[in-house]
Amino acid sequence: MTSAADGIQKLKLEPQPKQPPAEGLLPPAFSRDIHLQRALLQLRSKASDIEKYIYLSQLKDTDEDIFYKLCLANMNEITPLIYTPTVGDACLQYSRNFRRPEGLFISIRDKGRIGTILRNWPAIDEARISVVTDGKSFPPRSRILGLGDLGLNGMPIAIGKLSLYVAGAGIRPSSTLPITLDLGTNNQTFLNDPLYLGLRQERAPEGEYDEFMEEFMTEMSRVYPKLLVQFEDFSTNHAFSFLSRFRHRFPLFNDDIQGTGAVVLAGLVSAARLSPLQPHEHRILFYGAGSAGIGVANQLLSFFTLNGMTKEEARSHIWIVDSKGLIYDDRDHVAEYKKVFSRNDYSGPPMTDLLDIVEYVRPTALMGLSTVKGAFTEAVIRRMASQTPRPIIFPLSNPSQLSECTFSEALRASGGSVLFASGSPFPEENFAGRTWEPGQGNNMYIFPGLGLGSILCRASSVTDSMVEATAIGLANSLSSDERALELVYPRLQRIREISAHIAVRVIRAAQAADVDRSSELRKLSDEELLGFVQEKMWTPQ
Ligand SMILES: NC(=O)c1ccc[n+]([C@@H]2O[C@H](COP(=O)([O-])OP(=O)(O)OC[C@H]3O[C@@H](n4cnc5c(N)ncnc54)[C@H](O)[C@@H]3O)[C@@H](O)[C@H]2O)c1
Ligand SMILES: O=C(O)C[C@H](O)C(=O)O
Ligand SMILES: [Mg+2]
């Protein structure tokens, strides 16, 4: 009879000691440099992105060094395959394509013995960073990107984010820990699918979920005392409540609320530098009021407060639209977490049409976090472009098929005046006799550096000031060449350099907030600190 442990051994999850292969096992002319080229050719020969994703997962499993070398040399080509948008399909098809475990699955039935399960993770190094998702949705079509209730199939998003920690910030692969919490699913297609790998039950009720999370977080900190936790793609209500419940007790952050807030703040700062308007002239309209929309709106208050306004004044520059239209005081049914942005200067009939809202608000910036494909119509973009000289339009919903508009649409409808960034990548465009590069406003620019800085200074918690520091660090990391091309984000190929720069800002902010536990870093100059951060980055051999 085979035991569960034998099963895992067969699935090769256990780390294999690195030894040169015995003589004769490799062909005489084999060289690792040439093999890198071979791997790229093999990758490019695959017919679809999901096949490329599967190829890359297997490459990571069999030869981690080649996998990360390939990533680092080809960030623009590989990031969309191991991360957004392909990871969306990888999630949808996870139970069909599953080959071997690459992370921990902790289910509601493990309540009472979560510590034991956590100790089963067979890593060589102590886990230092974990991305945790519950693959869960609240209203239909929310969370895991914008794809809905994925239940246990959310695992690839945790794996994808951690691959970017390694590629983008040089976190040691063996210290990363992807975790999917299986609390059941209300996705009937999965429940009916014989291949579905998760619990075949509806989601656990709130009270039980709360107890489960309490035990989970407590055990995580016991088993892995140096661990930083990233909450990913929880449904909106849980995203906010778990963040506020745990953030002062454990080192953790929520990527969708805080990471997205920071990346959009950085993009807005860069875009505003290209606009002729003064900061206090900006009026920001949010389309979508979930964890990301409200998280970003909260973070964008800093755009105004850093320019001398009070929080109250800053709030008056922000308008929010949810699925029921513009949010204002006299409107019924406004969830508590949105109320802080409710307008007290409008009291007419409900305003639901985006074109009417754009006409009324006259936004200089329009942020899409709604999961509503095509919501930024040609008419909406044209109207905005007629009201403001450089409309800032960020359709941030993921994956690509849920984007509020494409780069081509925004460019053409605005006659080239748009300052654009999208959550998922879009190709360059030829328009009006030149080539235009879109920006990608994705939290992937933030979490690697935030994680690296927090880990290196052993932050006991992740403060708002550390998150804000990532945004300023990112906005200041554009090269003169990138600025000349009017890019709002730096090129992805420079992600390691950018992450190191962000990590330094994070460490300094942690020191100022007194949450750093590696106090010897306080003695280093900024230059020495940057050197220290870069030296700590893992590099594939
Ligand atoms: N670019 C990034 O880095 C990034 C980061 C986080 C989230 N996102 C994306 O943002 C999207 C939203 O994420 P979330 O976590 O906030 O999801 P969510 O489900 O919590 O929120 C979606 C919001 O959109 C609103 N909405 C739905 N239909 C609408 C309509 N017709 N008109 C106006 N509003 C409508 C809903 O009311 C809700 O407030 C997802 O697609 C996600 O992938 C992008
Ligand atoms: O996963 C991404 O690409 C960004 C973000 O965390 C999201 O949920 O969409
Ligand atoms: Mg996310």
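Let's start with a word we'll need: a residue is buried if 20 or more other C-beta atoms, placed from the backbone, lie within 10 Å of its own. Hi everyone! What you see is a predicted model, where local features need pLDDT of at least 70, side-chain atom pairs count only at pLDDT 80 or more, and totals for chains, interfaces and linings use all residues. Residues are numbered from 1 along each chain as its sequence is written, while chains are lettered from A and ligands numbered from 1 in the order in which they are written.

Please find strand β9, residues 365-368; strands here are DSSP runs of E with at least two residues, helices are runs of H or I with at least four, and both are numbered from the N terminus. Which way do its residues point? Ala-365 and Met-367 point one way, Leu-366 and Gly-368 the other, and all are buried.

Now the neighbours. Strands pair if DSSP finds at least two bridges between them. β9 pairs in the parallel sense with β6 (residues 284-287) over four bridges, and Tyr-287 stands opposite Gly-368. With β10 (residues 392-395), β9 is again parallel over four bridges; there, Met-367 faces Phe-394.

Let's move to another sheet. Five strands form an open, parallel sheet in the order β1-β3-β2-β4-β5.

Key. Buried ≥ 20, exposed ≤ 12 C-beta atoms within 10 Å, placed from the backbone.
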